[in-house]
Amino acid sequence: MNTRYALLLAALAALPTTATEEAMKQALSAWDARVAEYQAALTQAPTEEAKAAIEAPDGTDVAPSLWQAVCGVTATRQEEVKGRKGDKQLRTLRSYEFEQPWAAPAVARLLSHPAALAAAIGSDKPKQVAAFTEALKKALRDTHYNSPAAAEVCHQLSAGTSVDEYDTLEKIYTRNQDNNARACAAMGMSLMLSNPMVSGVAGSEAMARAKRIYYLKQALLLAKDETTFGGAPLTEVAKEQAYRLRFLSPGCVPPQLTVRDLQGKEHTFPETGKANLLFFWSPQESVGSNLIARMAQVQKQYPDLVICPICPAASEEDKAAIREAAGEIPVYTDNEKGSAGQDYRISVVPTAVLLGANSTILYIGYPDMKLQTALETAMRPSPEQKQGTIIIKDGTEDEAPVVQPGSTPKTDEEQPPTLRDMPEFK
């Protein structure tokens with residue numbers, strides 16, 4: 001009897017993988033082949049212009065077959081839930097193939113490429129896309145957190161603002177056995193803790209900073225030379241994060257910058273011994289321009305405050321627009337290389353940096369109510385002036401920030417909503 005069972009088990013073990021799992025592997029192989037072809041084309045391109053002309057694969061051509069391989073329903077069940085009026089209703093719950101352990105590579109790939117997932121499900125079906133995205137995240141959190149494939153999705157999770165996404169990263173870090181996945185999860189947590197919407201899980205601001213540094217070190221200790229995070233070497237991402245922690249976090253002393261006035265004369269900021277408001281803006285966007293138009297009033301309200309509005313390098317025609325927007329407030333421009341913007345890692349404008357008299361950062365981010373609060377805390381307005389000048393007026397809140405030249409544009413999900421708690425610009 002034992003021999004018969006042994007033969008039966010051996011025969012079962014020799015069977016090929018299920019058609020669905022095999023279809024997933026084929027779709028992933030096709031996707032990887034597209035990426036390999038793209039990277040080879042970049043290597044062979046003779047010039048930077050030729051490289052720029054090569055279109056990067058976005059996965060939208062392969063994602064439908066990958067989605068079909070894992071989206072099948074494996075079971076259904078009825079569950080009693082409360083309706084809106086408090087009455088009990090039966091709801092049908094489905095289990096999907098992507099919840100199976102073998103589907104971890106597909107879940108990670110689809111979650112890390114939301115545009116491809118949307119194309120696979122149907123870009124004209126936003127509710128279904130949102131529902132399945134949440135279902136995939138739940139599968140990652142409940143089942144696939146311990147898969148080596150989880151490393152691929154850590155970058156996408158770190159771009160979110162949900163504590164649930166942070167908790168998923170923490171679960172990958174603490175319970176995954178693969179050091180590569182743990183390194184990416186640690187890197188993701190370090191990044192997310194710079195966001196005030198997430199950093200509350202750490203307790204105080206000082207504790208959040210300490211955890212950012214701790215997880216950054218863990219990411220470097222666990223990572224391999226070939227470990228990537230969002231397509232870039234993890235070590236390079238960590239180096240950038242370390243720079244921000246060292247120079248561009250509240251309580252830190254940022255780099256000195258040299259800018260030019262509209263006559264071409266160079267000036268160095270911040271001025272020592274005084275509070276400074278460095279304001280990166282562009283006359284092409286209305287939120288910053290509206291605030292610049294009220295800077296003279298801000299100066300009267302806070303006479304000891306040094307205000308330094310900074311625009312990107314400007315032509316003579318641009319300077320005319322800058323003068324018209326700024327009025328009587330002195331304004332400055334960056335150099336042609338954008339050195340000031342690069343040193344302060346400005347990715348969108350407007351961005352405000354408030355420094356105390358000891359040149360440490362009190363606030364860095366979008367100019368919203370938190371900036372006003374920081375100003376009122378750090379400065380004493382003149383007795384005859386009322387507090388509350390820097391308020392974004394109605395009609396400007398929906399204006400999208402303008403991307404700085406040479407920077408990486410942020411997605412809609414990453415754009416900072418106005419008049420809310422904002423993360424530091426990363």
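This is a predicted model: local features need pLDDT of at least 70, side-chain atom pairs count only at pLDDT 80 or more; totals for chains, interfaces and linings use all residues.
Let's start with helix H12, which runs over residues 205–222. Now look at which of its residues are hidden: Ala-208, Arg-212, Tyr-215, Leu-216, Gln-218, Ala-219 and Leu-222 are the buried ones. They cover an arc of only 165° around the axis, so they sit on the same side of H12. Turn to the other side of H12 and you find Ala-206, Lys-217 and Leu-221, which are exposed.

What do the buried residues of H12 pack against? Their neighbours are helix H9 (163–175), helix H10 (179–192), helix H11 (196–199) and helix H13 (234–247). Helix H13 is worth a stop, as Gln-241 has its place there. Gln-241 has a relative accessibility of 1%, and since buried means under 20%, Gln-241 counts as buried. Leaving aside residues up to four places away in sequence, Gln-241 touches Met-187, Ser-190, Leu-191, Arg-212 and Leu-216.

Next, the charged pairs. Side chains of opposite charge can pair when their charged atoms come close. The structure holds 12 salt bridges, and one of them joins Asp-32 to Arg-109, with the closest N and O atoms 3.1 Å apart. That pair links distant parts of the chain, with Asp-32 in helix H2 (residues 19–44) and Arg-109 in helix H5 (residues 104–111), 77 residues apart. Asp-32 is partly exposed at 39% relative accessible area, whereas Arg-109, at 10%, counts as buried.

Arg-109 also forms a salt bridge with Glu-152, where the closest N and O atoms are 2.5 Å apart. Glu-152 lies in the loop between helix H7 (126–142) and helix H8 (154–158), so this pair ties helix H5 to a part 43 residues apart in sequence. Glu-152 counts as partly exposed, with 32% relative accessibility. Through shared partners, salt bridges join Asp-32, Arg-109 and Glu-152 into one network.

Arg-34 is partly exposed at 34%, and Asp-61 is partly exposed at 49%.

Conventions
Residues are numbered from 1 along each chain as its sequence is written. Side-chain values use heavy atoms; hydrogens and water are left out. Helices (H or I, at least four residues) and strands (E, at least two) are DSSP runs, numbered from the N terminus. The expected span of a helix is 1.5 Å times one less than its number of residues. Buried means under 20% relative accessible area, exposed over 50%, partly exposed in between (1.4 Å probe, protein chains only). The arc is that of the directions from the helix axis to the C-beta atoms. Contact means heavy atoms within 4.5 Å. A salt bridge is a side-chain nitrogen of Lys or Arg within 4 Å of a carboxyl oxygen of Asp or Glu.
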